[in-house]
Amino acid sequence: MPEGPAPALVAEQFDDIIQQRDAASFGMWIFLATEILFFGGLFASYALYRSLYPAAFAAGSHLLKVAYGASYTVMLICSSLTMAMAVRSAQLGRRKPLIGFLVLTLLLGAAFVIIKLRWEWYGDYLEHLVPGVSFAPQGEALEVIRRFGAPLSHVALFMIFYFVMTGIHALHMVVGVGLLTFLIIMAYRGRFVSGDFNTVEMVGLYWHFVDIVWIFLFPLLYLIGGRY
Amino acid sequence: MPDHSLTGHVVPSRVYILTFVALIVLTVLTTGVAYIDLGYFNTVVALVIAVSKATCVVLFFMGLKYHKGLTRIVIIAALLWLSFLIVLTLADMHSRDWAPLPQPWQKAALSEPHR
């Protein structure tokens, strides 16, 4: 294991470690507040257009597969649990469980992104459901749209909301996977287990936030329009 | 009060596991309820469940329950501005037809339908 000079536990601008942690946490929550407003713009326009074109949004939702949305939700909830356990392991100074939980979180996050791109989005592409690339619903998809009596251009609008909202969410997942990779390397080098767990906790806050965004995306995109 | 200077506030694993179980149960519930016809209330129930899930994550996984006032102020401010964003946007769009347009605007509005 490579040995470097250990960084000081408390940076010189802080009085003590409690103040340092509070400052980091405050800064992270401010960042998450800006993220709430960033996604908020998308949710506000979603609400607006869903209220204007309810039939198109209902029809569009039926073009998505509930099984994908539900499994992503379960994967993200599992990854939030492993992330919380990773922070706890770091606090208690347990290096091996810390690395183990971080790797589990990374695997769940990577699986989410890979399943979404390789299967769900590729499937949508094959079914010609991607506005701007190839939007010409056929067969069963076209029947669903006709059943709801929704104009094709409005359904395309729903699909744009779906791709942009889940796409930006997936981008956040990719960033999270990158951060986790960094944490795993640093944890392997012996960091985070002697009171310096702050970085792990901050990445944890980010990860849980991305989980919360999906908690809203799942029912709003995959479950509307009456599945009965 | 124990000294948290080195470990911070360590939450018992049991709390995390119970939060996890609650989140899974609520996910099953929100998926199941989408297959039951409640009319308008399908959306209401879905949002109530989503907000409950988010609250579980924020309180326990993100540790808000153990944080001081400053963090709460940040979250309340963010949610307040989020509500302005959504409520004012919808209020504007859906109140446009409430009052008749002034005469000179009517021609322009007719030639450019907004919905």
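Reply: Let's begin with charges: there are zero salt bridges between chain A and chain B. Keep in mind that this is a predicted model. What you do get across the two chains is seven residue pairs in polar contact, counting pairs with both residues at pLDDT 80 or more.

As for which parts of chain A are involved, helix 1 (17–52), helix 3 and helix 7 (198–222) are the elements that each give two or more residues to the side touching chain B. Helix 1 of chain A has the largest share of that side, with 20 residues. Taken as a whole, the contact draws on 51 residues from chain A and 50 residues from chain B.

In terms of area, about 4,300 Å² is buried between chain A and chain B, and carbon and sulfur atoms give 78% of that. On the chain A side, the residues that lose the most area to chain B are W29(A), I77(A) and Y228(A), which together make up 16% of what that side buries.

Now for the rings. Over all chains, the count comes to 22 aromatic pairs. Take Y72(A) and F112(A): their ring centres are 4.8 Å apart and the planes sit at 50°, so this pair is tilted. Y72(A) belongs to helix 3 (residues 66–91) of chain A and F112(A) to helix 4 (residues 95–126) of chain A, so the pair ties together parts that are 40 residues apart in sequence. Both Y72(A) and F112(A) are buried.

For another geometry, go to chain B, where the rings of Y40(B) and F41(B) have centres 6.1 Å apart and planes at 80°; that angle is over 60 degrees, so the pair counts as edge-to-face. Y40(B) is exposed, its relative accessible area being 68%.

Back in chain A, Y72(A) and F112(A) also turn up in a cluster linked by ring pairs.

R95(A) has its charged end over the ring of Y188(A), 5.8 Å from the ring centre. R118(A) places its charged end over the ring of W119(A), and there the distance to the centre is 5.1 Å.

So, back to the spot you asked about: the chain A–chain B contact has zero salt bridges, seven residue pairs in polar contact, and a buried area to which carbon and sulfur atoms give 78%.

Definitions and conventions
Residues are numbered from 1 along each chain as its sequence is written. Chains are lettered from A and ligands numbered from 1 in the order in which they are written. This is a predicted model: local features need pLDDT of at least 70, side-chain atom pairs count only at pLDDT 80 or more; totals for chains, interfaces and linings use all residues. Side-chain values use heavy atoms; hydrogens and water are left out. Rings of Phe, Tyr and Trp (its six-membered ring) pair if their centres lie within 6.5 Å; planes under 30 degrees apart count as stacked, over 60 as edge-to-face and the rest as tilted. Helices (H or I, at least four residues) and strands (E, at least two) are DSSP runs, numbered from the N terminus. Buried means under 20% relative accessible area, exposed over 50%, partly exposed in between (1.4 Å probe, protein chains only). A charge sits over a ring if NZ of Lys or CZ of Arg is within 6 Å of the ring centre and within 35 degrees of the ring normal. Contact means heavy atoms within 4.5 Å. Buried area is the accessible area (1.4 Å probe) that two parts lose on being put together, summed over both. A salt bridge is a side-chain nitrogen of Lys or Arg within 4 Å of a carboxyl oxygen of Asp or Glu. A polar contact is a pair of N or O atoms within 3.5 Å; within protein, one must be able to donate a hydrogen and the other to accept it, and residues adjacent in sequence count only if both atoms are side-chain atoms.
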